[in-house]
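Reader: I would like a close look at one part of this model, and then at how that part sits in the rest of the chain. Please take the structure below as the starting point.

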Amino acid sequence: MILANVDLPEPFGPVITINLSFALKFILSNIDKILNILSDREHDLIRMIFGIGMDPVDPKIVAEMFGVCGERIRQMKETALKKLRKIE
């Protein structure tokens with residue numbers, strides 16, 4: 001468990017302990033909810049390229065895993081990002 005102490009000025013009190021592990025789980029959970037609007041391939045592609053919940057994977061390796069060329073991975077990434085930008 002990762003804990004951090006943050007000193008805040010009065011009247012907030014001397015120290016607030018924040019559980020960063022919980023915060024990270026919360027953030028990843030919300031990212032997953034957002035990524036669920038994508039197809040399974042787009043979802044996996046975005047997680048791998050941007051390293052969401054894992055170490056980032058080189059697009060060339062992602063292309064090999066998906067059985068397509070690097071240009072197709074770039075196109076798929078752009079399509080997925082366009083979908084994500086349309087979320088309100």
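Predicted model: local features only at pLDDT ≥ 70, side-chain atom pairs only at ≥ 80, totals over all residues.

Which residues of H3 are buried, and what do the buried residues of H3 pack against?

Author: In H3 the buried residues are Val-62, Ala-63 and Phe-66. Viewed along the helix axis, these buried residues fall within an arc of 105°, so they line one face of H3. They pack against H2 and H4. On the face of H3 turned away from the buried side are the exposed residues Lys-60, Glu-64 and Met-65.

Val-62 shows the packing residue by residue. Leaving aside residues up to four places away in sequence, Val-62 touches Leu-45, Met-48, Ile-49, Val-57 and Ile-73.

The largest nonpolar core has eight residues: Leu-45, Met-48, Ile-49, Val-62, Ala-63, Phe-66, Ile-73 and Met-76. Two or more of these residues come from each of helix H2 (40–50), helix H3 (59–66) and helix H4 (70–85). Apart from this core lies another, of seven residues, including Leu-35, Ile-46, Leu-81 and Leu-84. As a general point, nonpolar side chains in soluble globular proteins tend to be buried together.

Around these helices, the chain as a whole comes to four helices and two strands. Along the sequence the pattern is β-β-α-α-α-α. Of the 88 residues in the protein chain, 23% are buried. Among contacts with a separation of 6 or more, 33% are between residues 24 or more positions apart.

Arg-47 is placed in helix H2. Its relative accessibility is 16%, and because buried means under 20%, Arg-47 counts as buried. With residues up to four places away in sequence left out, Arg-47 touches Asp-32, Leu-35, Ile-52, Gly-53 and Met-54. With another, Asp-32, the side chain of Arg-47 meets in a salt bridge, at 2.6 Å from N to O. Asp-32 lies in helix H1 and Arg-47 in helix H2, so this pair ties together parts that are 15 residues apart in sequence. Asp-32, at 28% relative accessibility, counts as partly exposed.

Phe-50 is also in helix H2. With a relative accessible area of 44%, Phe-50 is partly exposed. Not counting residues up to four places away in sequence, Phe-50 touches Lys-77 and Leu-81.

The salt bridge between Asp-32 and Arg-47 is one of three in the structure. Another joins the side chains of Lys-83 and Glu-42, at 2.9 Å from N to O. Here Lys-83 lies in helix H4 and Glu-42 in helix H2, so the pair ties together parts that are 41 residues apart in sequence. Lys-83 counts as partly exposed at 34% relative accessibility, whereas Glu-42 is buried, with a relative accessible area of 8%.

The remaining bridge stays within one helix. Arg-74 forms a salt bridge with Glu-71, and the closest N and O atoms are 2.6 Å apart. Being three residues apart in helix H4, the two are separated by about one helical turn. Arg-74 counts as partly exposed at 41% relative accessibility, and Glu-71 is partly exposed too, with a relative accessible area of 39%.

Nonpolar residues also occur on the surface. Phe-22, Phe-26 and Ile-27 form a nonpolar patch there, with about 340 Å² of accessible area together. Phe-22 lies in helix H1 (residues 20–35). At 57% relative accessibility, Phe-22 counts as exposed.

Terms used: Residues numbered from 1 in each chain as written. Heavy atoms only, no water. Core = buried A, V, L, I, M, F, W, Y, C linked by side-chain atoms within 4.5 Å. Buried < 20%, exposed > 50% of the residue type's maximum accessible area, 1.4 Å probe, protein only. Contact = heavy atoms within 4.5 Å. Patch = residues over 30% accessible without salt bridge, like charges linked within 9 Å, V, L, I, M, F, W, Y side chains within 5 Å. Areas by Shrake-Rupley, 256 points an atom, 1.4 Å probe, with all protein chains shown as cover. Salt bridge = Lys/Arg side-chain N within 4 Å of Asp/Glu carboxyl O. Arc of directions from axis to C-beta.
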